Amino acid sequence: MRPFPEATELVGENLACRRGERLVFERLDCRLPAGGALVLTGPNGSGKSSLLRLLATLLVPASGRLLWDGAPITQDPARYRGVLHYVGHLDGVKPALTPREMLGFWAALRGVRRPAIDAALAAFGLDRVADWPCRWLSAGQRRRLALARLAAAPAPVWLLDEPGAALDDDGEARLEAAIATHCAAGGSVAVATHQPIAITDATTLALDAFATPTGDPLTV
Amino acid sequence: MNAFFGLIHHDLRLAARQGGDIGLVLGFFVLAVILFPFGVGPEPELLRRIAAGIIWVAALLAAVLSLDRLFAGDHADGGLDLIALSAMPLELAVLAKGAAHWLTTGLPLVVVSPVLALFVDLDPRALPVLVLGLLLGTPAMSLIGAIAAALSLGARRPGVLMTLIILPLYLPPLIFGTAAVEASLSAEGARAHLLLLAALSLAALPLAPFAAAAALRQALD
C-alpha cells in the first residue's frame, strides 16, 4: 500500500458531547497521530459511538474543537470529510443491490473514479458473493461489506464503531490485517470495541473517566 | 459531480429493482381518480367541471405517499451518514435525491395523467395544459416534499406528521395547476398560471435543498 501523502495528526481538544438533554462526556482530549491507533473502551453508554460520530463530524461538539493538520476542521470541513472513513454500527447495505454495486456507489459518493472494488471484495473474503443481492447475505457478510469500503477507496483516517460485531474468526483476522497494513502506510485508526482486538502500539482511551453522571444538569 | 450523479444513479437503480414502489404510487393515483366518478355520480357535466381538480389532488396525494421513501430508508440503515460524509455538500445530495424522486414519481404521474383525464371526462382542449402544468408543478412537489420528509425523520408517526406538514405547502401548485386548466378554456389563456407554476419549481430548486439539508443535519444528531 502506498503511504498516504495527506496523513497527519487529528487532535480533539476539551471535547464535550451532548445527546438531547444528557451530557455524555466532557473535558475529553484525544490525539490520533499518523500511523497511530486509538482503542476506545468503556461500558455501554459511556459515549464511544458518540465520540466517533463527533470525530466524523456527524455530531457537533457541545464545546471544544477538532484539529486536523493543525487547523480547526470547521475551516475546511469538506477536505476533512475527504480524508476519513466512518463505519458505524449500521451497515447502510441495500437488500436489493449486490455487494459490487454497493461498493461502487460508496466510492462514487466519495468522488473516487477508479475504486479497487475487486481487491476490496477479496480482502474481506466476499468474492464468492460479489454479485448476489445483499438480502442473501448474513449479518457477518454485511459487516464485511461495510468494512470493504475501507479498502475500496483509500483514506488516511478510519473511524470504526464495533467493527468486530458479527464477524467470525476469519473476518476478525482480515480486519486486523487491514488495520495493520493501513497503519504501516501511515494511516490512523480509532476503534470503539468491547472485544479484544490485536493492534500493535495501540493507545487505549477509557471513556468512563470523562463520563458525567446520568441526568447531570447541563453546565456547558 | 461524480458523487451527485452517482447518487441519482443509485436511487434510480434501487427504484428499478424495487419496482413495487413506483407501482404502488401509480396504482394509488389511478384508483383515487377512478373513485370520483363513482362518488359524484355519472353526470358528465359535473365531472368535467371538477376534472382538473380531481387529477391534481390525486397526484398530490400520490406524491405524498411516495415521500416516505425519500430519506427514511437511508436514515434507518445508516446510509444517510455516508451521504452526509460524501464529497458533495448535503444540499447537493438533497437535490440529487429530489431529482431521482421526481424521475421515479413525478414523471410517471405526468405520463399516466392523459389516460386518467379520459375517466373524468376532461375537455380534450385542456389536456395539453393539464399535462404541461403537471410537468412544471411536479418538480416543486418533489423538492418541497424533501423538506417535509427530512423534517419528519425520527418522529414517532413520520407518515402522519409529514402529511400535515406537506399538504398546506402543496396548495400553491394545486391552485395554479387547476386554474391553468380553467383558464385555458376561457379567453384568458393559461400562460400566466403556467409561468407561475414554473416559477414555483424554479424557486424551490435552490431553496428547498437548503431547508431539507438543515433538517437532515438535525436528524443525524
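Two residues are in contact here if their C-beta atoms, placed from the backbone, lie within 7 Å. With that in hand, here are some points for a first look.

1. **What you are looking at.** This is a predicted model, in which local features need pLDDT of at least 70, side-chain atom pairs count only at pLDDT 80 or more, and totals for chains, interfaces and linings use all residues. Residues are numbered from 1 along each chain as its sequence is written, while chains are lettered from A and ligands numbered from 1 in the order in which they are written.

2. **A:Phe210.** Not counting residues up to four places away in sequence, A:Phe210 touches A:Phe25, A:Glu26, A:Arg27 and A:Leu28. You will find A:Phe210 in the segment after β9 (202-206) of chain A; helices (H or I, at least four residues) and strands (E, at least two) are DSSP runs, numbered from the N terminus. A:Phe210 counts as buried, with 21 C-beta neighbours inside 10 Å. The term buried applies if 20 or more other C-beta atoms lie within 10 Å of a residue's own, exposed if 12 or fewer, and partly exposed in between, with C-beta atoms placed from the backbone. From A:Phe210 to A:Asp168 there are 42 residues in sequence and 32 Å in space, C-alpha to C-alpha.

3. **A:Leu51.** Helix α1 (residues 48-55) of chain A holds A:Leu51. This residue has 29 C-beta neighbours inside 10 Å and counts as buried. Leaving aside neighbours within four places in sequence, A:Leu51 is in contact with A:Cys17, A:Leu40 and A:Leu207. The C-alpha atoms of A:Leu51 and A:Ala166 are separated by 22 Å, and the two residues lie 115 residues apart along the chain.

4. Most residues other than glycine have a negative phi. A:Glu162 has a positive phi near 45°, and A:Ala166 has a positive phi near 75°. A:Glu162 is found in the loop between β7 (157-161) and α6 (169-184) of chain A, and the loop between β7 and α6 of chain A is also the place of A:Ala166. A:Glu162 is partly exposed, with 19 other C-beta atoms within 10 Å; A:Ala166 is partly exposed too, with 16 other C-beta atoms within 10 Å.

5. **Where the chains meet.** How many residues does the contact take from chain A and from chain B? The contact takes 21 residues from each of these chains. On the chain B side, α1 (2-17) and α4 (79-84) each supply at least two residues, and α1(B) gives the most, with eight residues. By class, the side of chain B that touches chain A has nine nonpolar, seven polar and five charged residues. Here Ala, Val, Leu, Ile, Met, Phe, Trp, Tyr, Cys and Pro count as nonpolar, Asp, Glu, Lys and Arg as charged, and the others, Gly among them, as polar.

6. **α2(B) with α5(B).** Helix α2 (residues 20-40) and helix α5 (residues 90-119) of chain B pack at an angle of about 25°, with their axes 10 Å apart. Axes are lines fitted to C-alpha atoms, for helices over the stretch in contact, and angles run from 0 to 180 degrees between N-to-C directions. That makes α2(B) roughly parallel to α5(B); angles under 35 degrees count as roughly parallel, over 145 as roughly antiparallel, 65 to 115 as roughly perpendicular and the rest as oblique. The contact of α2(B) with α5(B) has 13 nonpolar, two polar and no charged residues.

7. **α7(B) and its partners.** The axes of α6 (residues 127-151) and α7 (residues 158-169) of chain B come within 9 Å and cross at roughly 155°, so α6(B) and α7(B) are roughly antiparallel to each other. Their contact includes B:Ile144 and B:Leu151 in α6(B), and B:Met162 and B:Ile166 in α7(B); its residues divide into eight nonpolar, one polar and no charged. The axes of α3 (residues 44-77) of chain B and α7(B) come within 10 Å and cross at roughly 115°. Among the residues that meet there are B:Val64 and B:Asp68 in α3(B), and B:Pro158 and B:Met162 in α7(B).
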